[in-house]
Amino acid sequence: MATDAPPPPPPGGPGTRRAQPTTEQYVAVQQSAEFGELRRAYRSFAFPLTVAFIAWYLLYVLLSNYAGDFMGTQVIGNINIALVLGLAQFATTFLIAWLYSRHAAAKLDPRADALKARMEADL
C-alpha cells in the first residue's frame, strides 16, 4: 500500500537532524580491539553451527538418495526414519535460532551497544 505522506520527522523535533559518524570514525571503530572481540564472538558461534547444520542437512540428503532401505525403516506405524530425520531438520533450525538469540542477547548485543554508545558520544 503506497502513501503520499511525508516521512516522519527525525527524533529531537522538527528541523533537527542527527549527526552521522564520518568514514574515519567507522574505520577507527572497525580497527579497534573491541570490535575485533565482537566479531570474534559472532564468528565463534555462527561458523561452527553453520558448518554443523550444513553437514547434518547433507547427511539427510545423502541418506535419502543412497540409503533408501534405511530411510524407509518403520519406526512407529507409518512413521519411518526419513520422516523423523526430516522433522528433526525443522527442530534443529528452530533450536539454532533460539541458541543464537540467547548468544546474541548475552554476548553480542551488550558489546555492540557499548560500541554504538561510544561512537555516538564522539559526535
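Predicted model: local features only at pLDDT ≥ 70, side-chain atom pairs only at ≥ 80, totals over all residues.
Local features required pLDDT of at least 70 and side-chain atom pairs pLDDT 80 or more, whereas totals for chains, interfaces and linings use all residues. Residues are numbered from 1 along each chain as its sequence is written, and side-chain values use heavy atoms, with hydrogens and water left out.

Helix α2 covers residues 33-66; helices (H or I, at least four residues) and strands (E, at least two) are DSSP runs numbered from the N terminus. A kink of about 25 degrees is centred on Arg43 in α2, the bend being the angle between axes fitted to the seven residues ending there and the seven starting there. Gly36, Leu38, Ala41, Phe45, Ala46 and Tyr60 of α2 are buried (under 20% relative accessible area; exposed is over 50%, partly exposed in between; 1.4 Å probe, protein chains only). Their cover includes α3 (68-71) and α4.

The whole structure contains 1 salt bridge (a side-chain nitrogen of Lys or Arg within 4 Å of a carboxyl oxygen of Asp or Glu). Arg118 is partly exposed at 36% relative accessibility, and Glu34 is partly exposed at 27%.

Helix α4 provides the largest share, 5 residues. Phe94 lies in this helix and is exposed, at 60% relative accessibility.

How values were computed
Expected span 1.5 Å × (residues − 1). Contact = heavy atoms within 4.5 Å.
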